[in-house]
Amino acid sequence: ERSQITGHVPQDLYGTFLRNGPGLTDVYGTPLKHPIDGDGMVCAITFVNGKVHFRSRYVSTKNHQQEAAAHEMLYDGAMGSRVPEPARKRLLESKQFGMGFRDPAHTNVFYWGGKLLACHEYALPHTLDPSTLETIGPDTLGDKLKKIKALSAHYRYDGVKDLLVVIGFRAAVRNKPSTLLVLEFDREWNCQSEIPLEIEGLNYAHDFLLTRDWYIFHITPFVKTSPELTKLIMQGKTSPGESMKYYKDSKSGMIFVQRGNVQAGKERSFIFMEAEPCHIFHFCNAEQTGSGNDTVIRFGAVCLPKSFNMEWQYKGFLSNTSDAPGVYHDYIADFMTRKLIRTCPAPVADRSCEFPTINPYRHVPAKSSSAPRFVYLMSGQKGIPLPFTDIVKYDTISETTVAWHSDGVVGEPVFFPRLGNASTFYGDEDDGWIITQFYRPSKHETEFLVLDAKRIQDGPVCRLKMGTEKHIPYSFHGTFCPYVFKHPSPSL
């Protein structure tokens with residue numbers, strides 16, 4: 001309704017904003033220990049000719065369907081949420097369900113080649129109907145995920161080659177090493193590159209970076225695999241999320257993996273560079289100059305300190321952010337010296353932040369003049385870890401920031417390029433809008449805000465008010481899609 005919109009919806013804002021996140025903090029009366037254990041709810045906001053349409057729906061995973069039928073919690077969560085003891089005993093005795101961890105399918109959602117995919121971390125993605133958001137089912141992407149049975153939540157886009165790059169990861173179990181699978185798809189879902197990898201020390205892969213010649217992964221010292229820990233998890237004495245903490249005996253650094261075809265008889269290049277211990281959930285931009293031993297790669301990431309863990313502290317964010325806030329850092333990797341330099345730019349050094357985003361069409365720049373420059377952050381006020389009240393635009397070239405301060409809590413700032421698919425080659429990098437989910441605690445209401453990316457400091461050009469009856473829980477990740485959907489459902 002027009003009464004739910006304040007300001008003006010830009011006429012040339014065309015496409016669909018998609019976001020995913022846990023829609024519940026309990027399962028049929030059983031409280032969840034952590035929001036990451038909640039089932040995914042996908043929201044879609046369509047913008048066309050100055051008009052807006054909103055739709056939302058839960059991802060209908062197998063465990064979501066079974067719990068809906070039983071009206072009770074049947075699956076543990078990877079963050080420590082446990083099936084109540086009476087039900088647990090009954091389920092174990094009946095062997096009705098596998099009693100594995102729930103698949104929340106809640107971390108991200110994106111569109112490519114006619115498919116809308118909802119992704120978690122260690123499970124197959126679910127294909128959704130882009131028009132209705134109905135769940136079609138788990139998808140192996142043409143059997144490419146049949147063995148690893150997982151697709152990580154984050155992707156990268158090579159606009160020069162017009163390829164989607166995704167990863168699947170399976171942690172080490174018993175005597176089997178961790179496995180990483182890197183896939184590149186064209187828009188017809190033809191696999192153009194398939195690289196299975198076993199990398200020593202790589203125990204976690206949530207996000208990654210892509211350049212012309214390299215994939216970049218963080219080897220975190222905050223995730224450890226061992227028979228002893230696996231046994232404790234299986235016994236219910238801890239969980240994968242609860243065991244995420246700093247292990248000082250684990251190595252920390254970046255691994256650079258050669259992209260593209262490898263000549264017959266030669267092995268794919270792996271380069272490890274040691275880095276100061278931290279945990280990285282999310283990378284930002286990456287720029288490669290030179291090639292071979294003359295390669296230099298500059299990139300950014302939000303780094304969490306040694307004191308970080310996944311405690312749902314004060315129910316404010318997803319971790320102990322008040323004690324261990326994430327801070328943006330710049331990295332320079334020099335292939336000649338095999339050295340990695342990390343710095344924290346002064347303008348963002350005192351800002352707690354997370355969920356960094358950039359123009360998605362500039363993951364791999366078409367030319368040096370279009371190298372990614374701007375990073376958008378959801379941030380606390382200077383010197384205040386929580387709540388995340390500000391949208392910050394950081395210029396990595398001039399090392400300056402502009403910010404908009406809200407009177408509530410902001411979510412991930414998703415970039416909408418005004419030129420859509422043409423944004424890889426045309427237009428300014430910041431020619432577009434930022435869309436973010438906003439929550440006002442004083443009124444318990446949700447809004448979606450549209451800001452001009454060139455002038456973040458001016459605040460929203462329009463607000464889409466959901467009202468108190470349609471409060472939308474806090475989200476994780478979202479994406480931009482330059483299409484309005486009116487076509488039949490895709491097939492698996």
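I began with Lys89, which I found in helix H2 (residues 85-94); helices here are DSSP runs of H or I with at least four residues, strands are runs of E with at least two, and both are numbered from the N terminus. I am working on a predicted model, in which local features need pLDDT of at least 70, side-chain atom pairs count only at pLDDT 80 or more, and totals for chains, interfaces and linings use all residues. I number residues from 1 along each chain as its sequence is written, and side-chain values use heavy atoms, with hydrogens and water left out.

Is Lys89 buried or exposed? I noted it as exposed because its relative accessibility is 53%, where exposed means over 50%, buried under 20% and partly exposed in between, with a 1.4 Å probe and protein chains only. I also looked up Gly427, whose C-alpha atom is separated by 60 Å from that of Lys89, 338 residues apart along the chain.

Next I traced an open, antiparallel sheet of four strands in the order E19-E20-E21-E22, taking two strands as paired if DSSP finds at least two bridges between them. Strand E19 (279-289) and strand E22 (339-343) stand at its edges with a single partner strand each, so one side of each is left without a neighbour in the sheet. Between E21 (residues 327-334) and E22 I found five bridges in the antiparallel sense, and Asp330 stands opposite Thr343 in E22.

Last, I followed a second open sheet, again of four strands with antiparallel pairing, in the order E6-E5-E2-E32. Its edge strands, E6 (51-58) and E32 (478-481), each pair on one side only. Strand E2 (residues 15-22) runs antiparallel to E32 and is joined to it by four bridges, and I recorded Phe480 in E32 as the bridge partner of Phe17.
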